[in-house]
Amino acid sequence: MSDYPAPDLRKPAVASTAVAVRPRREHPRIDTTDSRHVKPAAGRTEPTASTNSRTVLEIRRPTDDGTRREPRWRIPLGILGTGTIGRALLRQLAKYLTADRLGQSPLFCVRGIANSRSMWLTREAFDLRDWHDATPPSVATDIDRFLSHVRQTTDFAPILVDVTASPAIATHHVDWLRGGCHVVTANKLGIAGSQTQYQALRAASTGRIRYAYETTVGAALPVVQTVRDLCTTGDQILMIQGLLSGTLSYLFNTYDGSRPFSELVRTARSRGLTEPDPRADLAGMDVARKLLILAREAGFPLDLDDIKVENLVPVDLAQDTLDDFLVHLTRMDEPLKNRLDEANRTRGVLRYAAMLNSDGNARVGLGIYPLAHAFATTCHTDNLIEVTTERYRPTPLIIRGPGAGADITAAGVLTDILKVVDFEWHVTSRNIP
Ligand SMILES: NC(=O)c1ccc[n+]([C@@H]2O[C@H](COP(=O)([O-])OP(=O)(O)OC[C@H]3O[C@@H](n4cnc5c(N)ncnc54)[C@H](OP(=O)(O)O)[C@@H]3O)[C@@H](O)[C@H]2O)c1
């Protein structure tokens with residue numbers, strides 16, 4: 001039986017509060033009253049009050065011919081990770097950077113790309129459409145050299161983008177922020193690290209330097225920002241419940257008893273819906289880290305150890321080799337069939353969920369939820385986050401949609417990048433002589 005609090009049956013089955021993803025802002029043209037470096041945009045007559053009541057001007061540098069901004073006048077980016085998300089991000093950046101911008105060149109450029117083995121560096125800007133073949137030859141990855149290359153010859157604070165899953169890279173986040181670099185990350189191992197590390201990240205990213213990590217929970221769904229905004233505006237979080245793993249969501253949305261659970265896991269693995277070792281998903285730690293990120297955003301000073309985690313992997317399989325685990329996976333079948341039978345008997349659904357209450361008690365694990373609960377409406381790999389607050393009750397605020405996937409996650413990372421670019425440009429460009 002679930003030890004979650006019984007969900008409130010008076011709640012509507014599906015939330016009535018929708019959260020829209022903010023449209024992306026276009027960067028190149030900037031409204032400004034600072035006339036020191038201002039010229040009308042290329043190919044346009046200078047706007048006047050009679051032709052345009054909202055004067056739109058563009059900051060220009062003497063070296064900028066309007067179609068090509070010199071590298072020095074662009075905010076430099078370094079991308080760490082060329083895996084599933086990194087490759088999708090590079091494709092999206094290529095499209096963004098080559099899109100028609102009425103003759104205006106973009107405000108940022110990619111100066112470095114690295115994975116665990118190799119890095120590619122350029123003093124100019126990569127042509128991201130064929131960076132792998134056309135760029136200077138790669139050299140062995142050296143993070144210090146990567147960093148000093150990306151930040152040289154510019155007055156802008158560089159943006160380092162972490163799309164690895166590397167704990168070693170995550171430990172650099174604090175130093176990069178302290179050293180004056182913005183960090184955009186899909187890698188949750190930094191922000192979900194120890195309380196000491198979390199506090200250091202918070203301290204290093206106040207004011208001038210930004211730490212952006214929206215995609216660490218729910219991929220591109222606007223979850224982190226929403227919880228932050230609720231708290232910043234004085235609302236009080238009473239409860240957060242969420243389906244935070246696309247993999248576990250898929251498994252329990254699909255599991256109806258007609259096939260053994262182990263068979264579903266094998267199918268999901270063969271379709272790339274689990275980690276190569278499915279124990280990484282079934283252990284629940286990934287969900288716990290996401291809940292930790294949300295709990296901290298809501299003001300609870302938790303550590304990972306404070307979260308009660310139900311590990312679906314039987315203890316005797318935890319140390320098996322991957323091959324042995326996949327053979328013995330059938331040992332999960334009976335206990336999970338018993339949980340499913342119980343859910344069916346009580347006319348509920350079985351879901352692996354995260355829960356945080358107003359006392360800061362946090363847990364992740366299997367629970368049975370009535371058919372009237374929003375969790376009973378999910379399908380595929382949906383993530384669903386239900387936030388009950390002083391303002392959002394009795395109807396909670398619900399954010400729902402795909403919480404994983406290369407293109408979706410990469411688009412979330414790109415959104416974070418564009419917000420930081422926007423911020424950096426506004427802060428720094430007016431101070432460049
Ligand atoms: N997949 C999703 O749907 C999703 C959704 C939300 C968030 N995320 C997060 O996004 C991140 C990336 O996920 P992914 O699926 O793209 O992982 P992935 O396919 O395993 O790719 C990881 C990349 O990181 C590189 N890397 C590892 N250690 C490195 C190091 N020390 N220095 C430089 N590069 C290093 C790897 O290099 P090699 O190529 O040399 O191995 C690889 O290119 C993860 O933190 C994940 O949790 C993923």
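Predicted model: local features only at pLDDT ≥ 70, side-chain atom pairs only at ≥ 80, totals over all residues.
Residues are numbered from 1 along each chain as its sequence is written.

As for the labels, helices (H or I, at least four residues) and strands (E, at least two) are DSSP runs, numbered from the N terminus.

**A hairpin and its neighbour**

Two strands count as paired if DSSP finds at least two bridges between them. Strand S4 (residues 108-114) and strand S5 (residues 118-121) pair in the antiparallel sense over three bridges, with Ile-113 opposite Trp-120 in S5. A hairpin of three residues joins S4 to S5. S5 also pairs with strand S6 (residues 139-140), again in the antiparallel sense, over two bridges; there, Ser-118 has Ala-140 in S6 as its bridge partner.

**The six-stranded sheet**

Further along, six strands make an open sheet with mixed pairing, in the order S11-S13-S12-S10-S14-S15. Strand S11 (307-309) and strand S15 (397-402) sit at the edges with a single partner strand each, so one side of each has no neighbour in the sheet. From one strand to the next, the twist averages 30 degrees. Inside the sheet, strand S10 (residues 237-243) and strand S14 (residues 382-389) pair in the antiparallel sense over six bridges, and Gln-241 stands opposite Glu-386 in S14.

Helices lie across this sheet too. H10 lies across S10, S11, strand S12 (348-357) and strand S13 (362-370), at about 40 degrees to S12. Helix H12 (residues 333-345) lies across S12 and S13, at about 95 degrees to S12. Axes are lines fitted to C-alpha atoms, for helices over the stretch in contact, and angles run from 0 to 180 degrees between N-to-C directions.

**Helix against helix**

Here are two packed pairs.

| Helix pair | Angle | Axes apart |
|---|---|---|
| H6 (residues 224-232) and H10 (residues 285-297) | about 20 degrees | 9 Å |
| H7 (residues 246-254) and H8 (residues 261-270) | about 135 degrees | 10 Å |

The angle makes H6 roughly parallel to H10, whereas H7 and H8 are oblique to each other. Angles under 35 degrees count as roughly parallel, over 145 as roughly antiparallel, 65 to 115 as roughly perpendicular and the rest as oblique.

Contact means C-beta atoms, placed from the backbone, within 7 Å. Val-224, Val-227 and Arg-228 in H6 meet Ile-293, Leu-294 and Glu-297 in H10. That contact has four nonpolar, no polar and two charged residues. In the other pair, Thr-247, Tyr-250, Leu-251 and Thr-254 in H7 meet Leu-264, Val-265 and Ala-268 in H8. The contact of H7 with H8 divides into five nonpolar, two polar and no charged residues.

Notes. Contact = placed C-beta atoms within 7 Å. Nonpolar A, V, L, I, M, F, W, Y, C, P; charged D, E, K, R; others polar.
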